[in-house]
Amino acid sequence: MRKPIMAGNWKMYKTPAETTAFFEKFRPLVEKSEHCEIVICPPFTSLAAAVDAAKNTRTRIGAQNIGWAKEGAFTGEISGPMIVAVGATYAIVGHSERRQYFNETDETVLKRTQAALEFGLTPIVCVGERLEERECGNTDAVLVGQCHKGIFGLTGQQFAKIAIAYEPVWAIGTGKTATPEIAADAHRTIRGQVREKFGKEAAEAIQVREKFGKEAAEAIRILYGGSVKPDNARTLMAQPEIDGVLVGGASLDPVGFASIVNF
């Protein structure tokens with residue numbers, strides 16, 4: 001069984017004080033939630049407050065982005081060592097909003113993923129199609145292209161350390177949610193590509209990591225993101241291809257997000 005990752009992406013919400021208040025309510029609601037990994041990704045300015053508030057709990061903290069360089073003249077970027085120094089252990093890479101508003105490309109997604117791995121962070125690498133691409137029947141082609149250009153430049157050992165999030169762009173912040181069947185189909189496409197690309201090398205790396213043999217395609221955790229809410233989390237997670245969720249707006253409420261975690 002792949003252990004689910006239940007991740008919250010707070011986007012551009014919550015000050016440090018609001019972050020602390022969130023965890024005061026959230027911690028007791030998930031203190032016995034051993035069935036999954038819990039990850040919360042606040043804005044950079046609230047990372048330290050989140051790390052402090054999550055101390056001695058099972059909740060891990062992640063950044064919403066990561067610069068591809070260790071340091072240098074990159075105004076506005078935050079590097080891997082800076083994120084690690086705060087105490088975070090995850091990083092979201094290639095979110096659709098980064099692609100849409102800040103010209104993120106598959107090539108820069110790969111560079112940022114490699115940077116996260118270099119500095120010991122677990123990247124959650126996002127892929128997904130826009131509405132017009134789905135309506136034209138190009139979903140599989142888009143996912144294949146994003147995997148090949150944005151992920152498959154990794155070595156097998158690197159690939160064994162990442163998670164993937166399928167985010168249909170048309171379902172993010174729109175209230176529209178891919179049906180469990182649509183999501184599962186997309187996840188199967190991604191897993192099929194992994195099976196073709198990564199063989200023995202990634203499988204051996206995963207065996208070392210998890211202490212048992214498992215094919216790379218079967219071990220990789222693929223999350224679903226796109227208008228996940230407490231009332232649809234259970235049906236999504238009932239799909240064997242879905243290994244967790246990447247939650248946006250619904251993760252801002254401690255009670256609601258705890259309900260999703262405890263699906």
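**Notes on the model**

1. Cysteines. A search of the whole structure finds 0 disulfides, a disulfide being a pair of cysteine sulfur atoms within 2.5 Å. Cysteine 41 is in no disulfide, and the nearest cysteine sulfur, that of cysteine 126, is 9.4 Å away. Cysteine 147 is in no disulfide either; its nearest cysteine sulfur also belongs to cysteine 126, 12 Å away. For background, a disulfide is a covalent bond between the sulfur atoms of two cysteines. Cysteine 41 counts as buried, at 0% relative accessibility, and cysteine 147 is buried too, with a relative accessible area of 0%. Here buried means under 20% relative accessible area, exposed means over 50%, and partly exposed is in between (1.4 Å probe, protein chains only).

2. Basis of the values. This is a predicted model, in which local features need pLDDT of at least 70 and side-chain atom pairs count only at pLDDT 80 or more, while totals for chains, interfaces and linings use all residues. Residues are numbered from 1 along each chain as its sequence is written, and side-chain values use heavy atoms, with hydrogens and water left out.

3. Aromatic pairs. The structure holds 10 aromatic pairs. Rings of Phe, Tyr and Trp (its six-membered ring) pair if their centres lie within 6.5 Å; planes under 30 degrees apart count as stacked, over 60 as edge-to-face and the rest as tilted. One of the pairs is phenylalanine 23 with phenylalanine 26, which is edge-to-face at 6.3 Å centre to centre and 85° between the planes. The two are 3 residues apart in helix H1 (residues 16–30), so about one helical turn separates them. Helices (H or I, at least four residues) and strands (E, at least two) are DSSP runs, numbered from the N terminus. Both phenylalanine 23 and phenylalanine 26 are buried. Ring pairs also link Trp10, Phe22, Phe23, Phe26 and Phe257 into a cluster.

4. Charges over rings. Which ring does the charged end of lysine 14 sit over? The ring is that of tryptophan 10, with the charged end 5.5 Å from its centre. A charge sits over a ring if NZ of Lys or CZ of Arg is within 6 Å of the ring centre and within 35 degrees of the ring normal. Lysine 111 lies over the face of tryptophan 68, at 4.0 Å from the ring centre.

5. Helix H7. Helix H7 (residues 139–150) has 12 residues and reaches 16 Å from its first C-alpha to its last, close to the 16 Å expected at 1.5 Å a residue. The expected span is 1.5 Å times one less than the number of residues. In H7, Thr139, Val142, Leu143, Gln146, Cys147 and Gly150 are buried. They cover an arc of only 130° around the axis, which puts them on the same side of H7; the arc is that of the directions from the helix axis to the C-beta atoms. On the other side of H7, Ala141 and Lys149 are exposed. Helices H4 (96–102) and H5 (106–118) and strand E5 (122–127) are among the elements that cover the buried residues of H7, where contact means heavy atoms within 4.5 Å.

6. Helix H5 and its ends. H5 has 13 residues and reaches 18 Å from its first C-alpha to its last, close to the 18 Å expected at 1.5 Å a residue. Its buried residues include Val109, Leu110 and Leu117, and the buried residues of H5 pack against strand E4 (90–93), H4, E5, H7 and helix H8 (156–159). In the loop between H4 and H5 lies asparagine 103, with phi near 60°, a positive value in a residue other than glycine. Asparagine 103 is exposed, with a relative accessible area of 64%. Just after H5, glycine 120 takes a positive phi of about 80°.

7. Helix H13 and proline 230. In helix H13 (residues 254–261), 6 of the 8 residues are buried, so the helix is largely enclosed by the rest of the structure. What covers the buried residues of H13 includes E1, H1 and H12. Proline 230 lies in the loop between strand E7 (222–224) and helix H12 (233–237) and counts as partly exposed, at 39% relative accessibility. Not counting residues up to four places away in sequence, proline 230 touches Ala250, Gly256, Ser259 and Ile260.
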